[in-house]
Amino acid sequence: MLQQYKNILAPVDGSKATETVLDRAIEVAKRNDTHLDILNVLEVNQFSDTYGGAVSGDVIYKLSEDVQDRLEKLKKRAEDAGVKDVSVHIRFGNPKPVIAKEFPTDHHNELIMIGSTGLNALERFMVGSVATYVTRNAICDVLVVKPDMADEQK
């Protein structure tokens with residue numbers, strides 16, 4: 001029996017993988033005539049570490065405004081491609097549990113389509129791959145989207 005997904009989650013992080021993940025999520029959402037959630041998780045801790053603990057509310061507000069603008073562009077792209085039902089979301093916290101459990105629980109996602117990597121090799125070594133965590137701990141099906149080979153060679 002063919003799995004019919006009604007609610008798909010595409011977490012994006014602004015990396016090169018975002019384009020490929022979104023393209024594949026659009027394809028699957030159209031094929032299933034389903035709802036698509038596009039999510040960006042902002043890890044505020046990474047900013048306080050980077051900026052010596054001095055992150056003002058203004059900085060976080062501006063950052064979330066910028067992310068919201070990018071997400072709205074991704075939403076329009078999905079709608080222009082034929083996805084009828086698209087929502088965008090920003091969450092604050094650790095991307096691993098937010099993507100694997102918290103968001104899918106709140107939004108009843110049945111499939112998470114995640115990029116195989118958004119981090120460089122050092123970051124993966126230091127913090128671990130979000131994709132690896134999600135595939136092991138998700139409460140629903142996970143489809144790992146590999147980057148296009150053409151993108152990898154750029």
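At 54% relative accessibility, Asp33 counts as exposed, because a residue is called exposed when its relative accessible area is over 50%. In this predicted model, Asp33 lies in the loop between H1 and S2, and its phi is positive, about 50°, although Asp33 is not a glycine. His108 also has a positive phi without being a glycine, in this case of about 55°; the residue is found in the loop that joins helix H4 (95-107) to S4, and its relative accessible area of 61% makes it exposed. A positive phi, near 115°, also occurs at Gly82, which follows H3.

| Residue | Phi | Relative accessible area | Loop |
|---|---|---|---|
| Asp33 | about 50° | 54% | between H1 and S2 |
| His108 | about 55° | 61% | between H4 and S4 |

The chain as a whole contains seven helices and five strands, which are arranged along the sequence in the pattern β-α-β-α-α-β-α-β-α-α-β-α. Of the contacts between residues at least 6 apart in sequence, 78% join residues at least 24 apart. Buried residues account for 36% of the 154 residues, while the accessible surface comes to about 9,100 Å², with 52% of that area belonging to carbon and sulfur atoms.

In soluble globular proteins, nonpolar side chains tend to be buried together. Here the largest nonpolar core has 23 residues, of which Ile8, Leu36, Ile38, Leu71, Val83 and Met113 touch the most other members. At least two residues of this core come from each of strand S1 (7-11), H1, S2, H3, S3 and strand S4 (111-115), and H1 gives the most, with six residues. Leaving aside residues up to four places away in sequence, Val83 touches Ile26, Ala29, Lys30, Thr34, Leu36 and Ala78.

Key:
Residues numbered from 1 in each chain as written. Predicted model: local features only at pLDDT ≥ 70, side-chain atom pairs only at ≥ 80, totals over all residues. Heavy atoms only, no water. Helix = DSSP H or I, 4+ residues; strand = E, 2+ residues; numbered from the N terminus. Buried < 20%, exposed > 50% of the residue type's maximum accessible area, 1.4 Å probe, protein only. Contact = heavy atoms within 4.5 Å. Areas by Shrake-Rupley, 256 points an atom, 1.4 Å probe, with all protein chains shown as cover. Core = buried A, V, L, I, M, F, W, Y, C linked by side-chain atoms within 4.5 Å.
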